[in-house]
Amino acid sequence: MSWAIPTTRTLAQRLAASMLAQQFVAADGTVVRLDPNAPQTLEQVLGVVWTLALSEVYSAIRDQLLEMMVTTATADGLLPQHAEMWGVPRNPATGAIGNVLASVSADVTLPIGTAIVSDGSVQWLVTTATTIPAGTTAPVPVQANATGAIGNLAAGTELTLVSPVAGVTSLVVDSQGLAGGADIESVESWRARIIAKIRNPVAGGTATDYEGWAKDAGATYVNVLPEAYGRGTVGVVIAMPGPAVPTDAQVAAVQAYLDARRPITAKVTVVAAQLVQKNPAIMLNPDTVAARQQITAELTAYYPSKGIGGKLYVSEIVAVLTTINGTSNDLVSPTADDQLADNAMAVLGAIDWRSAS
């Protein structure tokens, strides 16, 4: 239940009623009444000042009460303190990571910090000193020196060294691309992780613990599989924002984070989720551009919302269609619910629009 703050008009009316109820006897015996409604009087000025002051007090109390709750605290207010109390720091902005394939004509060693560029706006720095024998091609781990999506690069992108190294003939982003560059975590994502920690405090290595740790390490979608590889093992399947399949470097980063927190007797294996495209067949009547756009947007959000290893329900897809275009929509396929594999995550592919005629 929210706290209703009186309007300034209500406060003014209350104050006026209270002042009018007061009376004093002057030295000459006359009865004096305070009338804040009388124009150009001291009582009117006092009424305005007190009303504004009371309004500010009410607002300050309301704002402080809102800050005391995680659900309504702000990033500029008490949310950071809630996060510190529960041990859920905000995920910082990150730089893209991955591997660059270096081809050489002579023995070459690329030391840590070697700078590589594409168009000059961002540099990628070698993170592990790598020695490459003559006449071979080898992966070189790199990380962007700038945070955000600007550091992400598609597979096959050609790069160059800022300072040429003799023997290096080409540098190309490997088949997984450079990924993981992101802005600082959104306030609502941060809030959701704090609330999840409050509801599910660390309990010595439960499935919920592993899910929370993986998300703290940057994963967006997580499926925890107890005893996935035998007794004492835990499988953790992850997908990144987008959704997107994590690169080997991102998997390794989450693996390292979990290894530092898992129970000492547990063996944890982090693996990448596989994205599975779903291509529903839909018949609309009436068939309009607006309806198609809305349905596409809703299904684009629906499939990832089921998570990794989730279940897709025909009734939920039908509900989406019905909400947008009444009851005239016909879901041609799928015709049965679909249980995803433990490592699979559904995304919308191409909708097969069918004619109603």
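Q: How do the residues that line the second largest pocket divide into nonpolar, polar and charged?
A: There are 6 nonpolar residues, 4 polar ones and no charged ones. Here nonpolar stands for Ala, Val, Leu, Ile, Met, Phe, Trp, Tyr, Cys and Pro, charged for Asp, Glu, Lys and Arg, and polar for the others, Gly among them. The lining is made of Ala12, Leu15, Ala16, Pro36, Asn37, Gln44, Gly47, Val48, Thr51 and Leu52.

A word on the source before we go on. This is a predicted model, in which local features need pLDDT of at least 70 and side-chain atom pairs count only at pLDDT 80 or more, while totals for chains, interfaces and linings use all residues. Residues are numbered from 1 along each chain as its sequence is written, and side-chain values use heavy atoms, with hydrogens and water left out.

Q: What makes this space a pocket and not a cavity?
A: The test uses a 1 Å grid over the protein atoms alone: a cavity is a set of points where a 1.4 Å probe fits but cannot get out, whereas a pocket is an open set with protein on both sides within 12 Å along at least five of seven lines. A residue counts as lining if it has an atom within 4 Å of a point. The second largest pocket has a volume of about 180 Å³, where volume is the space filled by probe spheres set on the points, joined across faces, edges and corners.

Q: Which element gives the most to the lining of the second largest pocket?
A: That is H2, with 5 residues. Helix H1 (8-20) and helix H2 (42-67) each supply at least two. Helices (H or I, at least four residues) and strands (E, at least two) are DSSP runs numbered from the N terminus.

Q: What lines the largest pocket?
A: Its lining has 50 residues, with Asn91, Lys215, Ala217, Gly218 and Ala219 nearest the centre. Strand E3 (95-104), helix H4 (187-199), H5 and H6 each give two or more residues, and H5 gives the most, with 7. The lining divides into 22 nonpolar, 18 polar and 10 charged residues, around about 1300 Å³ of space.

Q: Why are H7 and H8 called roughly antiparallel?
A: The axes of H7 (residues 289-305) and H8 (residues 314-325) come within 10 Å and cross at roughly 150°. Axes are lines fitted to C-alpha atoms, for helices over the stretch in contact, and angles run from 0 to 180 degrees between N-to-C directions. Under 35 degrees counts as roughly parallel, over 145 as roughly antiparallel, 65 to 115 as roughly perpendicular and the rest as oblique. At roughly 150°, H7 and H8 are therefore roughly antiparallel.

Q: Which residues of H7 and H8 meet?
A: Ala291, Gln294, Ile295, Glu298, Leu299, Tyr302 and Tyr303 in H7 meet Glu316, Ile317, Val320, Leu321, Ile324 and Asn325 in H8, where contact means heavy atoms within 4.5 Å. By class these are 9 nonpolar, 2 polar and 2 charged residues.

Q: Is the crossing of H3 and H4 left-handed or right-handed?
A: H3 passes H4 in a left-handed crossing. A crossing is left-handed if the near helix is turned anticlockwise from the far one by less than a right angle, and right-handed if clockwise. By that rule H7 passes H8 in a right-handed crossing, and H5 passes H6 in a right-handed one as well.

Q: Why are H3 and H4 oblique?
A: Helix H3 (residues 79-86) and H4 pack at about 40°, with axes 10 Å apart, and they are therefore oblique.

Q: Where does Pro286 lie?
A: Pro286 sits in the loop between strand E15 (281-283) and H7, and a cis peptide bond with omega of about 5° joins Asn285 to Pro286.
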